[in-house]
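Here is a walk through one structure, taken a few spots at a time. Have the model open and follow along.

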Amino acid sequence: MFNIKICKVLTHLCLIVFFSCHSSGIYADPISPDQIHFRRQAVKRMIFDSSQDIPLAGLDPSKIVGLDVMHPRVGENSGNLELKIRDGKLAMSSEKYSVVTRWAGSFTPFAVYDITLSKFTGTGQVGIIFRDADSDSSISITLVGSNNVFDSINSTITKNGAEVDVKKYLLTEAVRCDKPLTLKIQMLAVGANIFIEQNKNISLIGTFEFVKHFDLRKKNLMRHFEFCLHSMLYAGAAVEIDRLTASLSPGIGQADLRFVTYEDGSPYFKDDRLWVLSTLRGRGLPHPLQGVFSFNPSVFDIQFEGIILFDRSDGLLRNDLASNIFFDRKASQWRGFTTGFSAYGDPDKKEKKELWAVHSDKSPLQGISIMNAKATGLVGDYEDPQCIYDSDAGKWRMVLCENCKGYKAVIRESDTWDGQYTLVAGPVSVNSTGTQIQRFGDRRYVLFGSSDRKVYVYSYPDLKSAGTLDMYLPPWVKRSGTRIWPNVVPLPEGYSAPYLSLTMDRLNYPGMKGANWTYGALYLYYGFTE
């Protein structure tokens, strides 16, 4: 045991020495960030990009051996519905009115669920139901058709056997299922978005909320729910189903980009890839979700890696976001901060938004990760935190936005990473968003976006104006928002440029009614010093 402890200590010391040398190589050239010329390299917006999906569960008829064993009947079933697997599809037909519900997989309120149909004739409904296996409560979303045409979508919330919320969404153009058609349900913790995808076109059909009936963020409730195929066919109707899938998805827009770092703010590399946090957008607050991506900085092979949920020990898994995650090498622990936008999830609870300190011994960078959350005492309109350990000052320093007659950058400090953070500098006089501390050469600077159509550079830690970033083709036009997250990082030797910025635009997904913060696309910039 004694030898094991010595080995662990020596390993930690070697890591600290190695990464100190690594960091000094990255930061070798002294330069002010306003002297770097950033040139746009590539842009990409992920809109339910199937190549990025992370599979969770599903029903694939082409790979079923024993339908009743793999996907048994559950819930409501009646009539004499005929089911056959034919040409890799699940074919269903009925001589009289019939109802069938088949188990497809487990449920998470943070996933996207698809059902793809290749044929529909007659009259009936077919879609997806999320049901509580231990009670008569469910959420169903079904395509409704008559005379071989789908003309609407129904969403029905049932609680303890009683229908408590029914909505009908008319399809502006009746959809004939002569080509594959996908009903897509984007679950958003406390509500959902409904889309139709056909011929590579994705159309938003409607939105609904269910939290007032049951809060599916509750761990002991979400574990009882299941994801199922559900159909109601009248006499003579038939349908062919290609597949059902449940997956983690990057959603319809990505925003709030921040690199994963070590405790001193230096970039975290794994497998020659940078790792970056991004909010996965679905609608307005409280519907987004914290996502994780990675990419090789020499190319633009951005890859969706997973999601992070937050546990405050209150029985809920939280979809908080705009996070900062770092690996503290001395403590050998993943740590960071997140913005508690999930406070808006249940209007009846009257929670307040606040910053939360989060930690995990397991790496939170892939799959579904859960980090424990602890209150920081920063209750109110605080956003976009980033924390580093400043070894020169012997303090933990945090830059963030505080609402001081508009969001303004400030710096706070603490003796411990999760302690009480007191004000050091700020607020600045200009609008701020996406605040970042980054080291350039032997000095640190503060960067942030703004509504002023600029990305500002300020000194650290006293927050004095030090210029703006020079960006060729910035990610905005005259009528779009400019409050972006700059997310700048220095690169080691051997890459195409000494600096990189991965940022986003603020263009919302079309067709969304009500609160709509569904931006944006991902923009890659290289920074040069000539």
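Which backbone oxygen lies 3.5 Å from a polar atom of the side chain of Gln186? The backbone oxygen of Arg281 does; a polar contact here is a pair of N or O atoms within 3.5 Å, where one must be able to donate a hydrogen and the other to accept it, and residues adjacent in sequence count only if both atoms are side-chain atoms.

Before going further, a word on the source: this is a predicted model, in which local features need pLDDT of at least 70 and side-chain atom pairs count only at pLDDT 80 or more, while totals for chains, interfaces and linings use all residues. Residues are numbered from 1 along each chain as its sequence is written, and side-chain values use heavy atoms, with hydrogens and water left out.

Gln186 sits in strand S11 (residues 181–187); strands (E, at least two residues) are DSSP runs, numbered from the N terminus. Its relative accessible area is 4%, so Gln186 is buried (buried is under 20%, exposed over 50%, partly exposed in between, with a 1.4 Å probe and protein chains only). Leaving aside neighbours within four places in sequence, Gln186 is in contact (heavy atoms within 4.5 Å) with a set of residues including Phe48, Val112, Phe195, Ile252 and Arg281.

Gln386 belongs to strand S27 (residues 382–390) and is buried too, at 3% relative accessibility. The side chain of Gln386 reaches the backbone nitrogen of Ile437 at 2.5 Å. Not counting residues up to four places away in sequence, Gln386 touches Ile437 and others, among them Arg258, Asn324, Met398 and Thr435.

**Empty space**

Now for the gaps. Rolling a probe the size of a water molecule over the atoms shows where empty space is left. The search uses a 1 Å grid over the protein atoms alone: a cavity is a set of points where a 1.4 Å probe fits but cannot get out, a pocket is an open set with protein on both sides within 12 Å along at least five of seven lines, and lining residues have an atom within 4 Å of a point. Grid points are joined across faces, edges and corners, and a volume is the space filled by probe spheres set on the points.

Four cavities of 30 Å³ or more turn up in the whole structure. The largest cavity has a volume of about 110 Å³, and 14 residues line it; Gln186 is back again here, as one of the closest to its centre, along with Phe110, Met187, Leu188 and Leu289.

The largest pocket has a volume of about 620 Å³. It is lined by 24 residues, and Thr172, Ser203, Leu204, Ile205 and Gly206 are the closest to its centre. Strands S10 (162–176), S12 (191–198) and S13 (201–209) are the elements that give two or more residues to this lining, and S10 supplies the largest share, seven residues.

Strand S14 (residues 225–233) is mostly covered, with nine of its nine residues buried. Phe225, Phe227, Leu229, Ser231 and Leu233 point one way, while Glu226, Cys228, His230 and Met232 point the other.

S14 pairs (two strands pair if DSSP finds at least two bridges between them) with S5 in the antiparallel sense over eight bridges, and Ser98 has Leu233 as its bridge partner in S14.

Within S5 (residues 98–106) you'll find Val99, which is buried, with a relative accessible area of 2%. Val99 touches His230, Ser231 and Met232, among others. Val99 and Tyr234 are 135 residues apart in sequence, yet 9.0 Å apart in space, C-alpha to C-alpha.

| Residue | Feature | Value |
|---|---|---|
| Pro286 | cis peptide bond with Leu285 | omega about 10° |
| Pro427 | cis peptide bond from Gly426 | omega near 10° |
| Ser332 | positive phi, not a glycine | phi near 55° |
| Arg453 | positive phi, not a glycine | phi about 60° |

Pro286 lies in the loop between S19 (273–280) and S20 (289–295), and Pro427 in the loop between S30 (422–425) and S31 (433–440). Ser332, in the loop between S23 (321–328) and S24 (333–339), is partly exposed at 32% relative accessible area. Arg453 is in the loop between S32 (443–449) and S33 (455–459) and is partly exposed at 36%.

Methods. Helices (H or I, at least four residues) and strands (E, at least two) are DSSP runs, numbered from the N terminus.
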